[in-house]
Amino acid sequence: MDLGQCIGEFALEGSVTGIKEYGSGHINATYLVETELKGIQKKYIFQRINTDIFQNVDHLMENITNVTSYLGKRIARRGGDASRETLTVIPTKDGGSYYRGSQGCFRMYQFISDASCFDAVDKPEDFYESAVAFGNFQADLSEFPAETLHETIPDFHNTGKRFETFCKVRKEDPLGRAALAGPEIAFVMERESQMRVLSDLLKNGELPLRVTHNDTKLNNIMMDNKTGKGICVIDLDTVMPGLSLYDFGDAIRFGANTGAEDETDLSKVSLDLGLFECYTKGYLKGCQGSLTETECRMLPMGAKIMTLECGMRFLTDYLAGDVYFKIHRKNHNLDRCRSQFALVADMEKNWPKMEAIVQKYMV
Ligand code: ADP
Ligand code: GN1
Ligand code: MG
């Protein structure tokens with residue numbers, strides 16, 4: 001692929017001195033682009049958008065430009081630095097928000113420097129700060145006109161629909177892999193009655209629809225190297241109307257697991273209750289009292305359902321032949337599924353403790 005030609009379509013400062021693969025996301029292909037102009041170096045993040053997954057790139061980029069310009073204004077109003085605290089889309093030379101060519105669809109962001117993304121929690125304080133930042137993100141978007149957002153992936157966290165897809169793929173079993181995943185399939189089927197618990201609460205009006213990020217894993221937030229605070233929420237592809245429980249739950253799923261998302265030694269996988277407490281405290285602080293009592297009470301359920309759903313998505317992709325998530329080894333999606341289900345099982349064991357922690361921070 002001639003990345004240089006695609007990069008040349010964007011209005012960058014200076015001439016390109018380096019391009020390298022970057023980050024550990026499962027969806028887009030991300031590159032760091034370095035340029036130089038009269039001895040001054042600049043960095044950019046360049047991404048090939050996964051158009052199998054995001055089929056309407058105009059809608060996707062419209063969401064991102066609208067959300068980032070809205071956040072930028074709020075950040076500037078409170079005296080912050082919008083160029084570091086939200087993503088900045090670098091336009092193409094003809095003013096577009098992305099470039100579409102024979103090699104795919106590409107976008108460019110300003111690189112956020114002096115900040116880091118973590119694939120695992122090293123210090124509990126980092127996890128706490130990420131929670132405050134995701135909570136603030138929720139509060140910042142609480143008055144954003146949700147009806148102007150496109151649903152970039154319909155039914156993204158509709159766990160019931162995800163279950164239906166799982167059942168269909170399991171039945172079709174295109175690669176004959178179902179026989180290799182008997183215990184994991186049984187794990188899903190034993191929890192069939194729980195798949196619609198969140199969508200039912202939404203339908204009954206017991207949970208409010210909000211603008212949410214929907215993919216709040218720890219490596220989707222940049223932490224400031226100097227202050228240690230969560231400086232910028234990134235990976236805005238799935239910002240859509242949703243439930244606050246999706247954002248809380250997905251962050252716990254990824255960050256409060258004592259093992260990695262794809263850990264193969266399941267004895268290392270469990271819910272770190274200390275980290276669960278850290279995140280609960282930080283998220284509720286960041287949300288600034290904007291969550292309802294039911295939302296707060298259901299936080300443990302958000303964590304469990306998001307973990308179950310994600311494990312089921314990995315399992316579905318394993319059965320389908322690894323067509324959605326990037327894999328880096330054989331059985332990677334099955335390993336990821338097993339780690340998620342071990343975490344669900346541990347949450348079930350610790351349920352009263354999770355509820356007691358949430359109770360402690362409810363105001
Ligand atoms: P994916 O959808 O594949 O997860 P992301 O948008 O999360 O893609 O980007 C992948 C990684 O690239 C992030 O985890 C982060 O390390 C890095 N990254 C993304 N955007 C920026 C940015 N504006 N500045 C610095 N690093 C970034
Ligand atoms: C994907 O893009 P990335 O790697 O941050 C996925 C999430 C999953 C996550 C599991 C658009 O997130 O929904 O929870 O992998 N994103 C999309 O790690 O499907
Ligand atoms: Mg990401």
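Asp-322 is placed in the loop between α11 and α12, the latter spanning residues 332-349. The phi angle of Asp-322 is near 60°, a positive value in a residue other than glycine. The model described here is predicted.

**Surroundings of ligand 1**

- Ligand 1 is surrounded by 19 residues, and the closest of them are Gln-47, Ile-112, Asn-219, Asn-220 and Asp-235.
- By residue class, the shell around ligand 1 consists of nine nonpolar residues, nine polar residues and one charged residue.
- The space that ligand 1 takes is the largest pocket.

- The side chain of Asn-220 has an N or O atom at 3.0 Å from an oxygen atom of ligand 1.
- An N or O atom in the side chain of Asp-235 also lies 3.0 Å from an oxygen atom of ligand 1.
- The backbone takes part as well: a polar backbone atom of Gln-110 is 3.1 Å from a nitrogen atom of ligand 1.
- Ligand 1 exposes 550 Å² when taken alone, and the protein buries 95% of that area.

- A polar side-chain atom of Glu-261 is 2.5 Å from an oxygen atom of ligand 2.
- For Asp-215, a polar side-chain atom lies 2.9 Å from an oxygen atom of ligand 2.
- The side chain of Asp-235 has an N or O atom at 3.0 Å from an oxygen atom of ligand 2.
- On its own, ligand 2 has 450 Å² of accessible area, and the protein covers 97% of this.

- His-213 is located in the loop between β8 (210-212) and β9 (221-224).
- His-213 counts as buried because its relative accessible area is 0%, where buried means under 20%.
- A polar atom of the His-213 side chain lies 3.1 Å from the backbone nitrogen of Asp-215.
- Asp-215 therefore has its backbone nitrogen in a polar contact with His-213, while a polar atom of the Asp-215 side chain lies 2.9 Å from an oxygen atom of ligand 2.

**The loop between α1 and β1**

- Glu-9 belongs to the loop between α1 (3-7) and β1 (15-21).
- Glu-9 is partly exposed because its relative accessibility is 28%, and this class covers values between 20% and 50%.
- Between Glu-9 and Thr-92 there are 83 residues of sequence separation, yet their C-alpha atoms are 5.6 Å apart in space.
- Phe-10 is in the loop between α1 and β1.
- Phe-10 is buried, since its relative accessible area of 2% is under the 20% limit.
- Phe-10 and Ala-76 are 66 residues apart in sequence, and their C-alpha atoms are 26 Å apart in space.

**Asp-114**

- Asp-114 lies in the loop between β6 (104-110) and β7 (115-116).
- The phi angle of Asp-114 is near 55°, which is a positive value in a residue other than glycine.
- Asp-114 is partly exposed because its relative accessible area is 48%, and a residue counts as exposed over 50%.

**Gly-274**

- Gly-274 is part of helix α9, which runs over residues 273-286.
- With a relative accessible area of 44%, Gly-274 is partly exposed.
- The C-alpha atoms of Gly-274 and Ile-357 are separated by 9.5 Å, and the two residues are 83 residues apart along the chain.

Methods: Residues numbered from 1 in each chain as written. Chains lettered and ligands numbered in written order. Predicted model: local features only at pLDDT ≥ 70, side-chain atom pairs only at ≥ 80, totals over all residues. Heavy atoms only, no water. Near = heavy atom within 4 Å. Polar contact = N/O pair within 3.5 Å; in protein donor to acceptor, adjacent residues only side chain to side chain. Areas by Shrake-Rupley, 256 points an atom, 1.4 Å probe, with all protein chains shown as cover. 1 Å grid on protein atoms, 1.4 Å probe; cavity = no way out; pocket = protein on both sides within 12 Å on 5 of 7 lines; lining within 4 Å. Sits in = over half its atoms within 2 Å of the grid points. Nonpolar A, V, L, I, M, F, W, Y, C, P; charged D, E, K, R; others polar. Helix = DSSP H or I, 4+ residues; strand = E, 2+ residues; numbered from the N terminus. Buried < 20%, exposed > 50% of the residue type's maximum accessible area, 1.4 Å probe, protein only.
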